[in-house]
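Dear colleague,

Please find the structure below, handed over for your study.

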Amino acid sequence: MTDVIQFWGLGGGGAHSNTNKLVSYIMPTVFWKIIVNLSIITGFCSCFRNDATPEENPNIPAIAKYFTTKGRYEEVNPHLIEDILAVNRSILQPPSAQCREIHLTAIIRHGTRYPTSKNVKKMQKLYDLVKRSASGKQSWLREIQTQWTMWYTEDMDGRLVQKGVNDHKHLAVRLSKLFPSLISEEKLRGGFIKFITSSKHRCVNSTLSFKAGLTELWAITDKEFDHAVNDALMRFFDQCTRFVQEVDNNPTALSEVDKFKEGPEMRRVTEKIADRLAVPYNSITADMAEAAFYLCAYEFAIKTVNSPWCRLFDEVDAKVMEYANDLKQFWKRAYGYDINSKSSCILFHDVFSRLNKAADENKSGQQVTETVTIQVGHAETLLPLLTLLGFFKDSEALTSTNYATQSQRSFRTSRMLPYAANLILVLYDCGGGDLRLQPLLNEKPVDFPGLTDQQVSMPLYQDVRDHYKELLQGCDFETECRLFGNPA
């Protein structure tokens, strides 16, 4: 028995192959169950190794932890490098033993994907320059020029890769182990688990992969499970007129990013790259530096290869490249403009309406009708919502001139938004009407900003509602997204 998921992947031919085609990922159900059961036997335990380092594994680039939104999930959770199905239930510490989970909502970014056509074009331009003009004598440069071929093509355009399929299959299994009373075969078969996705192929295929992780785990072959495509929820940014016009399509909205690209930190990076390639300084632009950084990141995320492209950067350079992308995300999707977060009002209200419904059903003694909601979207889905909730807000805004003072910033997309990043909200009934809400980011408990004086990361649900009272009473998507001066 097998499950088949189609995705855009390597068609064979090794690390430098330029053969790519639509392939089918086939995992025999019995083999998948053996893998999972062996993981349980051999240490689905609470003892994690968190010290995996590039020095121990030469396949991991030394700069991998700075890959921002192009980073692997494993860099955020290093114990998964040793055991991709490892879970640690001891991280969940409800205030009493009688607490039981009654509902879980997960908002998940799609899995590892190919570069978009826009980035492929930038990468091709850099590759052509290196092939044509680089005159350095280093062995890694000769490898790029003589062995590496530009195998990325524009028609890949952000499609899910095999690693992305695995990202979501493995996440599904881990969440079923973390929350076995909610994510179970009985609940799945009973229709208590709902799946919602963005219409983008990488999100739909990630959703299929998540479902396949569960059906293969429980060897379900007699039933299929539906998902709903809902761009109003998962691609709200496309439908928010004010965001589109004032930020997304506004050439001046990212002026801080443009200034940083022309500033001294980025100039030093481009000059060092030029020195390593032995080409004139004016031939390496900030966009080319970004393309080189992406080549290193994609080769690693997609194929687990420590590419020779990575040798163009040292750790100092990588921190600058990380900041450049964080600056872009800050101004385009986060705290830079108020509308960035307010564009997610529709998703915010959807999340709390599900939590409220579960709370009301539980209070009246009914069975909770939707125990789990799995919603698959984009980094651009998660970041505005995290911002609206107040996560990762530093005392000072990120700007083009304060790179040196932002080294300890909490706003780091490398840690927040790797492929398959996820925000999970778990509602607990602790008896006597005591409902509590546990937030987790990338499978690790976090505190709601402003509620840290309470019961660590599991405050009373009513306290959470009180904390976000203004947003719950307002934050109307239609009102926030309307252009000022336009009639209702």
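Strand β4, which spans residues 193–197, is mostly covered, with 4 of its 5 residues buried. Please bear in mind that this is a predicted model.

Two other strands pair with β4. Strand β6 (residues 372–377) is joined to β4 by 5 bridges, and the two run parallel. Strand β5 (residues 228–229) also runs parallel to β4, joined by 2 bridges. The residue I196 can be followed to both partners: it stands opposite Q375 in β6, and its bridge partner in β5 is A228. Between β4 and β5 the chain passes through helix α8 (residues 201–217), and this β-α-β crossover is right-handed.

**The cavity**

How many cavities of 30 Å³ or more does a search of the whole structure find? The search finds 1, and the volume of the largest cavity is about 50 Å³. Its lining consists of Y73, E74, I84, K163, D167, H170, R174 and A420. The elements that give two or more residues to this lining are α2 (73–76) and α6 (162–178). Helix α6 gives the most, with 4 residues. Sorted by class, the lining has 3 nonpolar, 1 polar and 4 charged residues.

Yours sincerely,
A colleague

Note on methods:
Residues are numbered from 1 along each chain as its sequence is written. This is a predicted model: local features need pLDDT of at least 70, side-chain atom pairs count only at pLDDT 80 or more; totals for chains, interfaces and linings use all residues. Side-chain values use heavy atoms; hydrogens and water are left out. On a 1 Å grid over the protein atoms alone, a cavity is a set of points where a 1.4 Å probe fits but cannot get out, and a pocket is an open set with protein on both sides within 12 Å along at least five of seven lines; lining residues have an atom within 4 Å of a point. Grid points are joined across faces, edges and corners, and a volume is the space filled by probe spheres set on the points. Ala, Val, Leu, Ile, Met, Phe, Trp, Tyr, Cys and Pro count as nonpolar, Asp, Glu, Lys and Arg as charged, and the others, Gly among them, as polar. Buried means under 20% relative accessible area, exposed over 50%, partly exposed in between (1.4 Å probe, protein chains only). Two strands pair if DSSP finds at least two bridges between them. A crossover is right-handed if, with the strands pointing away from the viewer, the path from the first strand over the helix to the second runs clockwise.
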